[in-house]
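Trainee: Could we go through this model together, one question at a time?
Mentor: Gladly, let's have it on the screen.

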Amino acid sequence: MFGLYLHIPFCEKKCIYCDFYSIERTEEIDVFTENICREIIMRANTDTTFPQADTVFFGGGTPSLLSPSQMEKILSTLRQHFSIAATAEITMECNPGTVTHDSLSAYRSLGINRLSFGVQSFDEQELQFLQRIHSPQQAMEAMALARAAGFDNVNMDLMFALPDQNKKTWQNSLHKMIALQPDHISAYSLIFEEGTPLFALMKKGLANPAKEEHDAELYEIAIETLSAAGYAQYEVSNFAKSGKQCRHNVLYWSGDRYCSFGPSAHGFIGDERYWNFRSLRRYSDYIQRGILPIANKETLQIHEQMFERAFLELRAKGIRLEQFMQDFSLNIEDIMGDELLWWKQNHWAHISQGRLSLLAKGYALCDELTLTLIALLEKETESQWEQKEYSEERDDEPVFSLPIL
Ligand code: SF4
């Protein structure tokens with residue numbers, strides 16, 4: 001598979017926990033639209049052999065802040081310069097507080113066929129704490145609007161392990177979401193990312209991350225509740241009805257290639273990964289000078305490819321054992337030995353259809369199990385992980401206009 005990712009770096013208001021690159025200067029969207037179209041053309045001109053794209057993903061930020069005519073401009077530039085399959089999945093992330101019947105109908109008529117709503121919670125107080133711009137009611141209405149506009153593939157994101165969240169409020173959010181019958185649900189644990197206002201609150205003792213056991217309990221509730229409601233887990237944080245797995249995410253987890261556009265976007269072409277400048281100013285400056293806005297790039301060494309393959313595949317559909325053997329000349333079953341037995345006895349993982357896959361209990365321990373596996377692979381190959389130094393561009397503009405409490 002081949003994919004196209006577009007990062008739209010604007011939000012009406014920054015959420016307290018958000019570490020994605022997005023800014024509140026929405027008056028710059030018009031100029032940005034011009035610039036990302038130029039980047040698409042510049043990138044397309046670097047290579048005439050890009051495969052046909054199976055997925056297109058507008059992420060952010062808040063892509064739904066773009067008007068249908070701005071989206072139309074970007075999509076038609078993409079279609080003019082890249083080949084996009086007629087059956088491609090074309091996803092757009094939306095904030096429930098920014099959509100209307102007219103805007104969703106217009107996006108649908110442009111060929112966008114999948115929406116992803118950042119809902120995060122159906123509890124009014126939790127939403128206020130997170131400084132989301134929408135209410136639970138708006139999230140419900142957004143789903144109704146999406147269906148009325150003809151979208152039959154809709155994701156909703158929910159967050160757990162929020163400060164003061166208890167089992168009841170989490171179950172309540174899950175049930176309200178299930179009642180809306182989205183086709184896909186992503187359930188993430190809240191992370192206190194350094195540099196965010198939430199992190200500053202934690203440092204001042206004003207907000208505390210959930211205890212590990214509580215986090216695990218809430219995660220287990222999510223798995224049980226969603227599975228009982230017909231959502232099959234196909235990755236640590238992702239659940240879908242039959243046939244509604246997100247193809248773009250599956251592409252990432254399969255190590256397939258993708259081109260990316262927009263500030264802070266990461267791409268993977270051939271053997272090379274690249275990432276764009278985070279700062280919109282610097283991004284725009286490069287584009288205006290006719291230069292691709294790449295902050296840095298790297299080619300993964302063989303042991304890094306192995307690490308990445310194990311990490312990505314284990315958290316999703318499972319490690320393809322034969323393929324792993326072919327690509328890295330390593331037999332995972334032999335290398336794991338008793339450890340694998342231990343995983344199986346604890347119902348953390350199993351081997352099925354040639355894959356080492358996690359079971360529900362194992363997903364809860366995914367990070368820990370991945371580290372164990374990597375350590376075993378490392379020991380076996382005696383590779384020394386090379387510490388690379390990057391002069392990665394970080395944002396040089398203030399992202400938050402919120403006072404840090
Ligand atoms: S809506 Fe909130 S979480 Fe989403 S990108 Fe914007 S600031 Fe971040």
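Trainee: In which helix is E224 found?
Mentor: Two notes before we start: residues are numbered from 1 along each chain as its sequence is written. This is a predicted model, where local features need pLDDT of at least 70, side-chain atom pairs count only at pLDDT 80 or more, and totals for chains, interfaces and linings use all residues. Helices (H or I, at least four residues) and strands (E, at least two) are DSSP runs, numbered from the N terminus. By that numbering, E224 is found in α8.

Trainee: Which element gives the most to the side of domain 1 that touches domain 2?
Mentor: The domain assignment, which is automatic or comes from a database, gives domain 1 (2–252) and domain 2 (302–381). Their contact takes 8 residues from domain 1 and 7 residues from domain 2, two residues being in contact if their C-beta atoms, placed from the backbone, lie within 7 Å. On the side of domain 1, α8 (212–228) and β7 (232–235) each supply at least two residues. With 4 residues, the one that gives the most is α8.

Trainee: And what is the bridge partner of Q233 in β8?
Mentor: β7 and β8 (residues 238–240) run antiparallel and are joined by 3 bridges; two strands pair if DSSP finds at least two bridges between them. A hairpin through 2 residues links β7 to β8. Within this pairing, the partner of Q233 is F239.

Trainee: Why are the buried residues of α10 on the same side?
Mentor: In α10 (residues 280–288), the buried residues are L280, Y283, S284 and I287. The arc to look at is that of the directions from the helix axis to the C-beta atoms. These residues lie on the same side of α10 because their arc around the axis is only 95°.

Trainee: Is G61 buried or exposed?
Mentor: G61 sits in the loop between β2 (53–60) and α2 (68–81). Leaving out residues up to four places away in sequence, G61 touches H7, I8, P9, F10, C11, F20 and S22. Since 24 other C-beta atoms lie within 10 Å, G61 is buried.

Trainee: How many charged residues are in the shell around the ligand?
Mentor: A residue counts as near the ligand if its C-beta atom, placed from the backbone, lies within 6 Å of it, and G61 and K14 are among those that surround the ligand. Ala, Val, Leu, Ile, Met, Phe, Trp, Tyr, Cys and Pro count as nonpolar, Asp, Glu, Lys and Arg as charged, and the others, Gly among them, as polar. The shell has 4 nonpolar and 6 polar residues, and the number of charged residues is 1.

Methods. A residue is buried if 20 or more other C-beta atoms lie within 10 Å of its own, exposed if 12 or fewer, and partly exposed in between; C-beta atoms are placed from the backbone.
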